[in-house]
Amino acid sequence: MKNIDTQLKEAKKIHFIGIGGSGMCPVAEILLSLGYQISGSDNNDTETFRRIESEGAKVFLGQVKENIADDVDLVIYTNAILKGNEELEYAKANFPCFERAEVLGALSRMFSNCIGICGTHGKTTTSSMTTQVLLEAGLDPSAVIGGKLPVIKAYGRFGKSQNFVCESCEFNNTFLHMNPDIAVVLNIDEDHLDFFGNLDNIKKSFRKFCELTTKTIIYNGDDENTLDTVKGIEGKKMISVGTKDTNEWQAKNVFIPGGFHSEYEVYHNGEFVAKVELSVPGEHNILNSLCAFVAAYESGADIESILRGLKAFGGASRRFELLGTYHGVTFADDYAHHPAEIKVTLEAAKKMGYKNVWAVHQPFTFSRTSLLLDEFAEVLSIADKVVISEIMGSREVNTIGIKATDLSDKIKGAVQLDTFPEICDYVCEHAEDGDLVITLGCGDVYKVARMMVDKLKNA
């Protein structure tokens with residue numbers, strides 16, 4: 001079978017199975033904008049599903065083999081499609097089929113300045129920041145982002161320039177299909193151990209991603225795992241960023257007064273460049289924004305535009321997303337699902353001056369919960385009040401026998417409630433004027449955040 005690059009060059013009609021997914025929709029949008037005839041199906045009637053329909057794709061709700069026209073040249077599917085899916089089985093038997101990651105890889109080679117942003121933590125925020133900065137600079141980027149960026153009201157966009165910002169995820173080695181021109185390595189940590197097995201294998205995958213990069217590697221010079229991973233790479237422009245004096249680009253004089261504001265000064269090779277003001281909380285966003293700053297600068301953005309874009313950035317969807325204050329209780333939602341992510345989110349929340357910080361956490365996958373149980377207990381204990389939902393198994397079967405109470409029992413004063421209605425009622429009854437309630441997790445815990453907001457809004 002021909003490779004994906006050749007298939008895309010020859011194809012005219014492309015069908016997507018799972019077109020409404022947050023990762024699939026922006027890929028479909030870019031191909032639609034490039035002149036392909038796009039069709040697709042999904043089992044869920046979502047905003048993204050209707051968005052791609054409004055832009056000209058022919059969509060089908062429900063997944064049956066009749067959705068695929070006889071003259072389709074190529075079928076693209078998401079790995080979220082379960083085995084035995086009628087439409088996918090029919091497609092694989094009758095058409096050239098490629099998984100989304102392979103197509104994203106082909107797109108990375110279509111643009112002359114593809115910025116691949118990778119790292120265990122911070123990918124979506126940094127991809128969103130970089131996209132917003134390039135927009136502010138008039139560089140009209142295309143983008144595929146893992147969260148919704150408010151300024152474009154979408155998970156991605158098609159621009160008319162050669163700039164392409166692409167969130168590059170390490171899970172299942174999907175980012176190894178890519179050939180970015182600029183790689184941004186934010187950090188490397190233990191995650192997805194059900195796939196990688198250990199930290200050494202994670203480092204090897206990030207090393208391969210860096211070696212697949214054609215021109216420039218921007219990397220976190222403060223992170224030992226990242227330094228170990230990029231050590232000895234040759235033939236690329238290597239740019240270190242961080243807070244230490246050893247970095248080429250450095251954040252100095254960091255000031256985080258609390259609330260949704262922070263600022264710092266940027267230095268390049270010891271020389272002052274500019275003062276950055278941010279509208280998002282947390283020390284972790286200092287590094288995220290500095291990486292976005294350097295990636296945009298390397299892509300031709302001017303300093304003043306970079307500063308305006310970073311200041312205007314108010315966060316991506318589900319990244320410390322402020323939902324509002326009702327009856328004195330403030331609600332926020334965050335995608336954090338790894339101990340390191342929860343730690344920085346709760347530490348930022350604790351500095352914001354609220355009376356009590358509530359952490360409402362939905363553990364995600366049995367393997368991660370079991371492997372990192374003590375770490376989860378430690379970081380969730382940063383909050384004043386902790387509520388744990390049942391574990392969302394996602395792709396896994398609970399062969400370990402892990403229970404949500406195994407986590408809550410390790411956290412002093414924590415409450416474990418299985419269902420979202422129970423959690424909603426409990427928090428709304430016990431949260432006090434001046435409290436911050438933040439939902440944490442990469443599953444569907446955002447639903448309980450909306451339930452609590454609706455309950456108090458209508459109280």
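The protein chain exposes about 18,800 Å², of which carbon and sulfur atoms supply 47%; accessible areas were calculated by the Shrake-Rupley method with a 1.4 Å probe, and for residues only the protein chains shown count as cover. The structure is a predicted model, in which local features require pLDDT of at least 70 and side-chain atom pairs count only at pLDDT 80 or more, whereas totals for chains, interfaces and linings use all residues. Residues are numbered from 1 along each chain as its sequence is written, and side-chain values use heavy atoms, with hydrogens and water left out.

Of the 459 residues of the protein chain, 56% count as buried, where buried denotes under 20% relative accessible area, exposed over 50%, and partly exposed the range in between (1.4 Å probe, protein chains only). The C-alpha atoms fill a box of roughly 60 × 55 × 40 Å along the principal axes. The chain contains 17 helices and 21 strands, assigned as DSSP runs (helices: H or I, at least four residues; strands: E, at least two) and numbered from the N terminus. Among contacts (heavy atoms within 4.5 Å) with a separation of 6 or more, 64% are between residues 24 or more positions apart.

Side chains of opposite charge can pair when their charged atoms come close. With a salt bridge defined as a side-chain nitrogen of Lys or Arg within 4 Å of a carboxyl oxygen of Asp or Glu, the count comes to 25. One of these joins Glu298 and Lys237, with an N to O distance of 3.1 Å. This pair links distant parts of the chain, as Glu298 belongs to helix H10 (residues 284-298) and Lys237 to strand S12 (residues 237-242), 61 residues apart. Glu298 is partly exposed at 26% relative accessibility, and Lys237 is also partly exposed, at 42%.

A salt bridge is likewise formed by Asp384 and Lys350, whose closest N and O atoms are 2.9 Å apart. Asp384 lies in the loop between helix H14 (373-380) and strand S19 (385-388) and Lys350 in helix H12, so the pair ties together parts 34 residues apart in sequence. Asp384 has a relative accessible area of 36% and Lys350 one of 37%. The side chains of Asp444 and Lys447 meet at 3.5 Å, and Glu29, Arg51 and Glu55 are linked in a network of salt bridges.

Glu341, in helix H12 (residues 339-350), is buried yet has no salt bridge; the nearest side chain of opposite charge, Lys123, is 6.0 Å away. In this assignment Lys and Arg count as positive and Asp and Glu as negative, while His and the chain ends are not counted. The Glu341 side chain makes a polar contact with that of His121 at 2.8 Å. A polar contact is a pair of N or O atoms within 3.5 Å; within protein, one must be able to donate a hydrogen and the other to accept it, and residues adjacent in sequence count only if both atoms are side-chain atoms. Leaving aside neighbours within four places in sequence, Glu341 is in contact with Thr120, His121 and Ala336.

Positive phi values occur at the non-glycine residues Asp140, near 45°, and Asn253, near 50°. Asp140 is found in the loop between helix H6 (123-136) and strand S7 (142-149) and is partly exposed, with a relative accessible area of 25%. Asn253 is found in strand S13 (residues 249-255) and is exposed, at 53%.
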